[in-house]
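Here is a short tour of one protein model, written for someone who likes to know which residue sits where. Keep the sequence and the 3D view open while you read.

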Amino acid sequence: YRGKGGQYFSGVRADILARLEPATGLKILEIGCGDGSTGAEALRRGLAAEYCGVELFEDAANTASKELSTVVTGNVENCSLPWPDEYFDAVIASEVLEHLLDPWATVANLHRLMKPGGRIFASSPNVCFHRVIRMLLKGRFDLESKGVMDRTHFRWFTPATYEEMFREAGFESIETAPLNTFGWKARVFSRVLPPSRRVLLWSQTNLAARKPSSPVSR
C-alpha cells in the first residue's frame, strides 16, 4: 500500500453520509477509515457523537487519529477490537472487504458489533463488469495499480455474491446498486439490456443493509 499515495486513503463518502443525514449522535465504525475524511465530516455535521475507525496503513491511521474518536491501527482480520457487542449504530466498509483473506468472517464480526436495527454500508469492485469479462474472453487476468483488478485485492465479488456474504452473516433489507455514474453509452445499454444483465455495467457494487431488530433464525 505504500505506493498508493495519499489520495488512496482520503476522500469523503458523501453518498453514505447523505443516507445518515436525518440521524444525529450516532456511534459509527468505519473499517478502512483511511485518513479519517469521512468520519471528520460526519462529526462536523453532528451525524456522529462517536466515530471510530480501523486502518491498516499506519501513516493514514495516524492522520485519522487526530480527527476521529478512536482509531485502531492494524488488520481488522486479526487485531483486537476494543468495542463490546451491539455497540454501533452504523458501520461503513468502503472498498475494503476485497482486500481481506476472509471477508465473510469479518462481515459476521461486524454484525456482532452492531446494534439491532443498525445499518451497514459497503462497496466493492464488481468482477462481472464488462471490461473484466472482455479481458477474460481474451484469455487474460491482468492485475493493475487501481480499479477492479487492483493487485492488492485478494477477493473478487459479483453483486450477487457480495449480497450473499451479508445475507449469510444475518443482515436483511439488503439493497445493491452501482456505485459508478453511467456515461451516455452505459445509459443506452442499460435501457436495452434485461435487468439481470445490467450488472455488466457496474464497475463497483454499492450495498446497504440492516441488522434485524430481533434475532433471525438461520
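Predicted model: local features only at pLDDT ≥ 70, side-chain atom pairs only at ≥ 80, totals over all residues.

Residues are numbered from 1 along each chain as its sequence is written, and side-chain values use heavy atoms, with hydrogens and water left out.

**The chain as a whole**

The chain folds into seven helices and seven strands. Helices (H or I, at least four residues) and strands (E, at least two) are DSSP runs, numbered from the N terminus. Read from that end, the order of elements is α-β-α-β-α-β-β-α-β-α-α-β-α-β.

Of the 218 residues, 44% count as buried; buried means under 20% relative accessible area, exposed over 50% and partly exposed in between (1.4 Å probe, protein chains only). A contact is a pair of heavy atoms within 4.5 Å. Among contacts between residues at least 6 apart in sequence, 71% join residues at least 24 apart. The accessible surface of the chain is about 11200 Å², and 52% of that belongs to carbon and sulfur atoms. These areas come from the Shrake-Rupley method with a 1.4 Å probe, and for residues only the protein chains shown count as cover.

**Helix H4 and its buried side**

Which residues of H4 are buried? They are Pro103, Thr106, Val107, Leu110, His111 and Leu113. These residues lie on the same side of H4, because they cover an arc of only 160 degrees around the axis. The arc is taken from the directions from the helix axis to the C-beta atoms. As a reminder, an α-helix has 3.6 residues a turn, so residues three or four places apart point the same way. The buried residues of H4 pack against strand S1 (26-31), strand S4 (88-94), strand S5 (114-125) and helix H6 (159-168).

Leaving out residues up to four places away in sequence, threonine 106 touches Val76, Glu77, Leu97 and Leu100.

**Aromatic rings**

The model has seven aromatic pairs. Rings of Phe, Tyr and Trp (its six-membered ring) pair if their centres lie within 6.5 Å; planes under 30 degrees apart count as stacked, over 60 as edge-to-face and the rest as tilted. Ring pairs join Trp104, Phe157, Tyr162, Phe166 and Phe171 into a cluster.

**Salt bridges**

The count of salt bridges is nine, each being a side-chain nitrogen of Lys or Arg within 4 Å of a carboxyl oxygen of Asp or Glu. The table lists some of them.

| Arginine 19 | Glutamate 175 | 3.1 Å |

Glutamate 175 and arginine 19 form a salt bridge. This pair links distant parts of the chain, with glutamate 175 in strand S6 (residues 172-178) and arginine 19 in helix H1 (residues 14-20), 156 residues apart. Glutamate 175 is partly exposed at 43%, and arginine 19 is partly exposed at 39%.

Arginine 45 and glutamate 41 are separated by about one helical turn, because they are four residues apart in helix H2 (residues 37-45). Arginine 45 is partly exposed at 32%, whereas glutamate 41 is buried at 18%.

Arginine 167 and glutamate 163 are likewise four residues apart, in helix H6, so about one helical turn separates them. Arginine 167 is partly exposed at 42%, and glutamate 163 is partly exposed at 22%. Salt bridges that share partners also connect Glu21, Glu41, Arg44 and Arg45 into one network.

**A buried glycine**

Glycine 39 is part of helix H2. Is glycine 39 buried or exposed? It counts as buried, because its relative accessibility is 0%. Apart from neighbours within four places in sequence, glycine 39 is in contact with Glu30, Tyr51 and Leu68. Glycine 39 and arginine 13 are 26 residues apart in sequence and 9.2 Å apart in space, C-alpha to C-alpha.

Ile133, Leu136, Leu137, Phe141 and Leu143 make a nonpolar surface patch of about 470 Å². Patches are made of residues with over 30% relative accessible area and no salt bridge: like charges are joined within 9 Å, and nonpolar side chains (Val, Leu, Ile, Met, Phe, Trp, Tyr) within 5 Å. Leucine 143 is in the loop between helix H5 (130-137) and H6, and is partly exposed with a relative accessible area of 38%.
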